[in-house]
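Trainee: I have a protein chain open and want to learn how to read it. Can we go through it step by step?

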Amino acid sequence: MLAETAMRRALEEAQKAFAAGEIPVGAVIVRGEEILSAAHNCCERRKDPTAHAELLAIRQAAERIGDWRLNDCTLYVTLEPCPMCTGAILNARIPRVVFGAWDQQAGALGGKMDLPAAFYDACKSVGGFLQEECTELLNAFFAARRP
């Protein structure tokens, strides 16, 4: 699957979060040419601080393949994962993450910190992919919330 196709699908998920009043983050997990899962933030709706797009996508993908090890998958996400999500990414053995917007406040793949490097560096990441579109969506959301 082309990386741009997967990230555009993650952006569609982020738009769903935006429309629902959630921080607009979308995530997609791909194995080969197949999208295994797609999710967006649902913390407000679910009243669950762990309902981040990445965690929901990881749970869906693991359920779909019947294994918690996602070692042949790539995660595409519109915002650099936080420490909680990065921990789940490492535990799920996801070897590659492609993200759009950098998160200088809580990013754990190089924005604020680099968690994989602190452990066993088993996860490679590419940041800034379709960054402008991902950042614009986040900025629009927060501009509407914080006049």
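Mentor: Start with one cut-off: a residue is buried when its relative accessible area is under 20%, and exposed when that area is over 50%. Keep in mind that this is a predicted model.

Trainee: Is S37 buried or exposed?
Mentor: S37 lies in strand β2. Its relative accessible area is 3%. The cut-off for buried is under 20%. So S37 is buried.

Trainee: Which backbone oxygen does the side chain of S37 reach?
Mentor: S37 touches A27, V28, I29, A57, Q60 and A61, leaving out residues up to four places away in sequence. One of these contacts involves a backbone oxygen, reached by the S37 side chain at 2.8 Å. That oxygen belongs to A57.

Trainee: Which residues does L36 contact, beyond its neighbours within four places in sequence?
Mentor: L36 is also found in strand β2. With a relative accessible area of 5%, L36 is buried. Its contacts are I29, R31, A61, R64, I65 and C73.

Trainee: How many Å separate the C-alpha atoms of L36 and R93?
Mentor: Along the chain, the two residues are 57 residues apart.

Trainee: What is the order of helices and strands along the sequence?
Mentor: Count the elements before you order them. The chain has six helices and five strands. Read along the sequence, the pattern is α-β-β-α-α-β-α-β-α-β-α.

Trainee: What is the radius of gyration of the chain, and what would a compact globule have?
Mentor: The C-alpha trace spans about 45 × 30 × 30 Å along its principal axes. For 147 residues, a compact globule would come near 15 Å. The chain agrees with that, at 14 Å.

Trainee: What share of the contacts with a separation of 6 or more joins residues 24 or more positions apart?
Mentor: Look at burial as well. Buried residues make up 46% of the 147 residues. As for those contacts, the share from residues 24 or more positions apart is 59%.

Trainee: How far apart are the end C-alpha atoms of helix α1?
Mentor: Helix α1 covers residues 3-19, which is 17 residues. At 1.5 Å a residue, α1 should span 24 Å. The end C-alpha atoms agree with that, at 25 Å apart.

Trainee: Where around the axis of α1 do its buried residues sit?
Mentor: The buried residues of α1 are A6, M7, A10, L11, E13, A14 and A17. They cover an arc of only 160° around the axis, so they sit on the same side of α1. An α-helix has 3.6 residues a turn, so residues three or four places apart point the same way.

Trainee: What covers the buried residues of α1?
Mentor: Both strands and a helix take part. The cover includes β1 (26-31), β2 (34-40), β3 (74-79), β4 (96-101) and α6 (131-145).

Trainee: Which residue with a positive phi follows α1?
Mentor: Look past the end of the helix. The phi there is near 80°. The residue is G21.

Trainee: Why do the buried residues of α6 line one face of the helix?
Mentor: Helix α6 has 15 residues and reaches 21 Å from its first C-alpha to its last, close to the 21 Å expected. Its buried residues are C134, L137, L138 and F141. They line one face because, seen down the axis of α6, they fall within an arc of 90°.

Trainee: Which residues does T74 contact, leaving aside neighbours within four places in sequence?
Mentor: T74 is in strand β3. At 14% relative accessibility, T74 counts as buried. Its contacts are V28, I29, V30, R96 and V98.

Trainee: How many disulfides are there?
Mentor: A disulfide needs two cysteine sulfur atoms within 2.5 Å. The sulfur of C134 is 15 Å from the closest cysteine sulfur, in C85, so that is too far for a bond. The disulfide count comes to zero.

Definitions and conventions. Residues are numbered from 1 along each chain as its sequence is written. This is a predicted model: local features need pLDDT of at least 70, side-chain atom pairs count only at pLDDT 80 or more; totals for chains, interfaces and linings use all residues. Side-chain values use heavy atoms; hydrogens and water are left out. Helices (H or I, at least four residues) and strands (E, at least two) are DSSP runs, numbered from the N terminus. The expected span of a helix is 1.5 Å times one less than its number of residues. Buried means under 20% relative accessible area, exposed over 50%, partly exposed in between (1.4 Å probe, protein chains only). The arc is that of the directions from the helix axis to the C-beta atoms. Contact means heavy atoms within 4.5 Å. A polar contact is a pair of N or O atoms within 3.5 Å; within protein, one must be able to donate a hydrogen and the other to accept it, and residues adjacent in sequence count only if both atoms are side-chain atoms. The radius of gyration is taken over C-alpha atoms; the globule rule is 2.2 Å times the number of residues to the power 0.38.
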